[in-house]
Amino acid sequence: MEDTTYPELLGTIDEFAGTLDPKEQVARLYDLMAPLLDRVAQEDEEFSDEPVLTPADVVRGLRQVVAGEPADVDAVYAHLTAMGLYYCEDQDPERHVVSQTAFAAAVWLRLLTGRELHATSLDDDEDLVPPFAPSTFTQSIDLLAWTRSGQTYMFWGDALTNPGFCDFPAAVRELGAIHMEITDSGRRKNG
């Protein structure tokens, strides 16, 4: 695994994900993202002119959806995207971690519901996760590797040519850890 490049590892993850049914993909993606949600819930800054939900309310709503409890999925999605857009404008890497988590959670909601969700804060063609992997699942994994390593997302090709702008080895290590987590979680549940 040490000699595996970042794009090869993304491909391996995508190939493995293809063996999972969509519900299992969604469950594993949530498991990867869940520890980051506490950080999102701690935010207390208003990110909308009409904040109907606080970040803590948004995370609570997301967790209700996970638990199968009734929740307004559309409102949670709209707030996650608005929060992601607001925080990604800041140059502080810590705020980008919040933004990237919000975007990953929004995409997770789309995968869970199996339908397009809409937010007035987004253009129709705007990507919430970087489009540099073969599937939405793996695109989310790509974003989470950078997020979980505490960094602003950078396309792996740019990271290789501009090593002074990021800690690419940390993102690679995190992607390797994610690979182990998603493949081991199936063994634990089935074994």
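The model is predicted, so local features are taken only where pLDDT is at least 70 and side-chain atom pairs only at pLDDT 80 or more, while totals for chains, interfaces and linings use all residues. Residues are numbered from 1 along each chain as its sequence is written, and side-chain values use heavy atoms, with hydrogens and water left out.

Let us begin with the helix pair. Two packed helices are described by the angle between their axes and the distance between the axes. Helix H2 spans residues 22-41 and helix H3 residues 55-66; they pack at an angle of about 155°, and their axes are 9 Å apart. Helices here are DSSP runs (H or I, at least four residues), numbered from the N terminus. Axes are lines fitted to C-alpha atoms over the stretch in contact, and angles run from 0 to 180 degrees between N-to-C directions. H2 and H3 are therefore roughly antiparallel to each other, a label used for angles over 145 degrees. Their crossing is left-handed, meaning that the near helix is turned anticlockwise from the far one by less than a right angle.

Which residues of H2 and H3 meet? On the H2 side they are Tyr-30, Ala-34, Leu-37, Asp-38, Val-40 and Ala-41, and on the H3 side Pro-55, Ala-56, Val-59, Leu-62, Arg-63 and Val-66. By class, this contact of H2 with H3 has 10 nonpolar, no polar and 2 charged residues. Contact means heavy atoms within 4.5 Å. Ala, Val, Leu, Ile, Met, Phe, Trp, Tyr, Cys and Pro count as nonpolar, Asp, Glu, Lys and Arg as charged, and the others, Gly among them, as polar.

Now to the charged pairs. The whole structure holds 7 salt bridges, each a side-chain nitrogen of Lys or Arg within 4 Å of a carboxyl oxygen of Asp or Glu. One of them joins Glu-24 to Arg-28, with the closest N and O atoms 2.6 Å apart. Both residues belong to helix H2, and being 4 residues apart they are separated by about one helical turn. Arg-28 counts as buried, at 4% relative accessibility; buried means under 20% relative accessible area, exposed over 50%, and partly exposed in between (1.4 Å probe, protein chains only).

In helix H3, Arg-60 and Asp-57 are 3 residues apart, again about one helical turn, and they form a salt bridge whose closest N and O atoms are 2.6 Å apart. Arg-60 is partly exposed at 46%, and Asp-57 is partly exposed at 26%.

Another bridge joins the side chains of Arg-148 and Glu-174 (2.6 Å, N to O). Arg-148 lies in helix H6 (residues 136-148) and Glu-174 in helix H8 (residues 168-190), so the pair ties together parts that are 26 residues apart in sequence. Arg-148 is partly exposed at 22%, whereas Glu-174 is buried at 16%. Arg-39, Glu-43 and Glu-94 are linked in a network of salt bridges.

His-96, in helix H5 (residues 93-113), is buried at 11% relative accessibility. Beyond residues up to four places away in sequence, His-96 touches Tyr-87, Cys-88, Asp-90, Gln-91 and Thr-152. Gly-84 sits in helix H4 (residues 73-88) and is buried, with a relative accessible area of 0%. Leaving aside neighbours within four places in sequence, Gly-84 is in contact with Ser-99, Ala-102 and Phe-103.

How values were computed:
Helix = DSSP H or I, 4+ residues; strand = E, 2+ residues; numbered from the N terminus. Parallel < 35°, antiparallel > 145°, perpendicular 65-115°, else oblique.
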